[in-house]
Amino acid sequence: MKIFCSRANPTTGSVEWVEEDEHYDYHQEIARSSYADMLHDKDRNVKYYQGIRAAVSRVKDRGQKALVLDIGTGTGLLSMMAVRAGADFCYAIEVFKPMADAAVKIVEENGFSDKIKVINKHSTEVTVGPEGDMPCRANILVTELFDTELIGEGALPSYEHAHRHLVEENCEAVPHRATIYAQLVESRRMWSWNKLFPIRVQTSLGEQVIIPPVDLERCPGAPSVCDIQLNQVSPAEFTVLSDVLPIFSVDFSKQVSSSAACHSRQFEPLASGRAQVVLSWWDIEMDPEGKIKCTMAPFWAHSDPEEMQWRDHWMQCVYFLPQEEPVVQGSALCLVAHHDDYCIWYSLQRTSPENERVLEMRPVCDCQAHLLWNRPRFGEINDQDRTDRYVQALRTVLKPDSVCLCVSDGSLMSMLAHHLGAEQVFTIESSAASHKLMRKIFKVNHLEDKINIIEKRPELLTNEDLQGRKISLLLGEPFFTTSLLPWHNLYFWYVRTAVDQHLGPGAVVMPQAASLHAVVVEFRDLWRIRSPCGDCEGFDVHIMDDMIKRALDFRESREAEPHPLWEYPCRSLSEPWQILAFDFQQLVPLQPLHAEGTVELRRPGHSHATVLWMKYHLTSECMLSTGLLEPVDPEGACCWNPHCKQAVYFFSPAPDPRVPLGGPQTVSYVVEFHPDTGDIAMEFRLEDTN
């Protein structure tokens with residue numbers, strides 16, 4: 001049996017449906033899960049164990065049996081903790097069948113089958129009664145239903161249902177309480193992920209400024225939270241405007257409501273400035289006294305920064321206010337958090353809402369830009385240094401009689417070409433959303449009659465679309481919204497091939513070439529997402545390790561996955577090297593491009609992965625890297641492009657930095673570009689030289 005899955009096709013620049021093995025979704029779910037990351041979260045595990053012990057003791061002290069309901073049991077770890085803590089019986093709920101099957105095996109392996117019943121259902125489908133899944137209600141509720149936003153995985157509806165149907169009134173709950181915190185800041189960098197800034201272009205006629213449309217400036221932005229490793233944002237990149245404010249708390253031992261609500265906190269700004277961004281995180285208290293606490297606070301708000309636990313399954317949140325607003329130091333304001341059953345958003349008000357049940361509408365993009373550009377893309381477009389690099393390159397290839405064709409999704413390259421003196425400019429916008437957005441941007445900049453937008457796929461381009469002109473300069477950033485891995489933007493090469501008949505004699509293509517580069521790295525923390533756990537707080541979870549490995553071996557272990565490495569510090573163990581080169585002056589070749597070799601590791605360390613990225617050679621003198629921005633320093637420190645995701649090929653199994661280093665190593669590789677699919681097959685193998 002086959003299933004259909006969507007996948008970006010680098011040869012067409014579109015998302016297509018392809019047939020996959022019937023087990024593909026299962027393997028994807030396991031391989032891309034955060035189970036390994038959670039099991040390596042020592043702080044989380046210890047705090048849950050302490051909280052469960054305390055809850056079981058409180059129930060036992062009242063002379064009652066300890067009956068535990070564990071919603072979202074995963075590996076069954078928390079249920080096993082409960083039994084070892086003295087619980088009489090546990091009902092472990094897990095909706096994902098492969099995970100539920102694994103939990104049954106893990107529970108059995110650890111000798112708890114007589115005390116733990118794994119129920120493969122959604123908690124809202126669990127029944128209570130003589131013929132039900134549970135004979136009676138539980139008096140201890142244990143859950144781990146949280147995401148970075150706390151409520152984004154449906155925690156509130158699940159708790160609401162559990163209290164109504166599955167647990168006793170005023171039951172013990174682990175965690176007992178959660179509190180969401182927020183801090184108001186001004187940050188040009190983070191604000192650049194949400195709004196289009198004026199872009200300056202130096203021309204022979206003076207400075208030209210590309211301005212955003214009014215509706216883009218007024219748009220509240222994308223409705224989804226921006227979750228990042230906030231500890232990797234330097235405090236120098238934002239100005240704190242408020243203290244850390246406790247916004248609202250949820251007591252999980254009592255009836256929980258999933259109804260929409262808002263919560264306001266009055267504060268006096270610590271400094272004058274422009275309120276733009278709300279930084280947010282949460283903590284959970286495992287016990288009623290609040291002595292056992294697990295916090296997601298970034299280092300500047302953490303009670304003990306030296307003991308911070310790195311984790312990727314829970315990070316921190318960046319929310320954008322609908323509009324930036326001036327604030328004056330000492331002049332009281334209200335920060336208002338709104339939420340429905342799954343999402344949180346913020347607004348700033350001069351007075352506290354009279355009724356905290358009155359809710360502002362969830363922000364929704366109405367300008368098209370936030371539908372077309374994700375947050376890194378906003379940051380990329382707003383990067384003035386990057387724009388200046390393109391201007392510098394364009395000056396060397398543009399002529400007064402240049403006829404330009406721009407091919408990239410929602411790109412401002414056509415405007416740069418016009419301002420720098422091109423005679424005629426065409427731009428292809430294949431999607432209706434990008435066509436509509438670019439038309440608005442051209443109009444507000446009085447260029448609607450200067451730049452011709454062609455709304456069709458490049459391979460369908462006709463002489464009539466180009467008004468009978470031949471193209472003398474083909475431009476691309478290149479950027480395409482369907483690209484997931486760095487080399488997917490090689491779609492530009494396929495476009496260049498498709499429009500070859502429309503290029504005039506001696507036509508220039510910019511970028512003129514691209515190259516694929518790599519470096520072997522040791523991660524400070526990211527290795528945890530791929531490292532086997534084996535033993536977790538005294539429980540054997542190797543069955544979960546084996547399950548993840550099988551899922552990875554299905555396909556993922558032979559593929560790279562995208563990660564924004566500015567959030568994940570690493571050091572290079574090898575020197576960066578070029579693997580493949582792609583000549584855009586020529587058509588896409590019919591035969592594969594192949595490279596293989598061996599790389600010697602220059603620095604001692606644990607080899608966790610090979611990182612890959614693209615360099616675009618705009619001209620022979622001007623290059624743009626989507627990966628390393630600076631040469632690696634003598635210690636191996638890496639500076640990564642903050643607007644791009646790099647491709648990470650993990651070695652399997654991931655070396656554990658807690659294990660002493662072995663002898664010298666090399667990395668052998670085989671990499672092949674397949675022109676028929678536009679994708680790159682690769683294998684990197686770590687080898688001892690002894």
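Helix H3 (residues 42–61) meets helix H4 (residues 77–84) in this predicted model through Arg44, Asn45, Tyr48, Tyr49, Ile52 and Val56 of H3 and Leu77, Leu78, Met81, Ala82 and Arg84 of H4. Contact means heavy atoms within 4.5 Å, and helices (H or I, at least four residues) and strands (E, at least two) are DSSP runs numbered from the N terminus. By class, the contact of H3 with H4 has 8 nonpolar, 1 polar and 2 charged residues; Ala, Val, Leu, Ile, Met, Phe, Trp, Tyr, Cys and Pro count as nonpolar, Asp, Glu, Lys and Arg as charged, and the others, Gly among them, as polar.

Axes are lines fitted to C-alpha atoms, for helices over the stretch in contact, and angles run from 0 to 180 degrees between N-to-C directions. H3 and H4 are therefore oblique to each other, a term for angles that are not under 35 degrees (roughly parallel), over 145 (roughly antiparallel) or 65 to 115 (roughly perpendicular).

Residues are numbered from 1 along each chain as its sequence is written. Local features need pLDDT of at least 70, side-chain atom pairs count only at pLDDT 80 or more, totals for chains, interfaces and linings use all residues, and side-chain values use heavy atoms, with hydrogens and water left out.

An open sheet is formed by 5 strands in the order S22-S21-S20-S23-S24, with parallel pairing; two strands pair if DSSP finds at least two bridges between them. Strand S22 (451–454) and strand S24 (503–510) are the edge strands, each pairing on one side only. Within this sheet, strand S20 (residues 403–407) pairs with strand S23 (residues 471–475) over 3 bridges, and Cys406 has Leu475 in S23 as its bridge partner. Helix H11 (residues 384–397) lies across S23 and S24, at about 160° to S24. Helix H13 (residues 432–444) also packs on the sheet, where it touches strand S21 (424–428) and S22.

Strand S25 (residues 513–523) is largely enclosed by the rest of the structure, because 11 of its 11 residues are buried. Buried means under 20% relative accessible area, exposed over 50%, and partly exposed in between (1.4 Å probe, protein chains only). S25 pairs in the antiparallel sense with strand S32 (residues 609–617) over 9 bridges, and Val520 stands opposite Thr610 in S32. Antiparallel pairing also joins S25 to strand S30 (residues 577–583) over 6 bridges.
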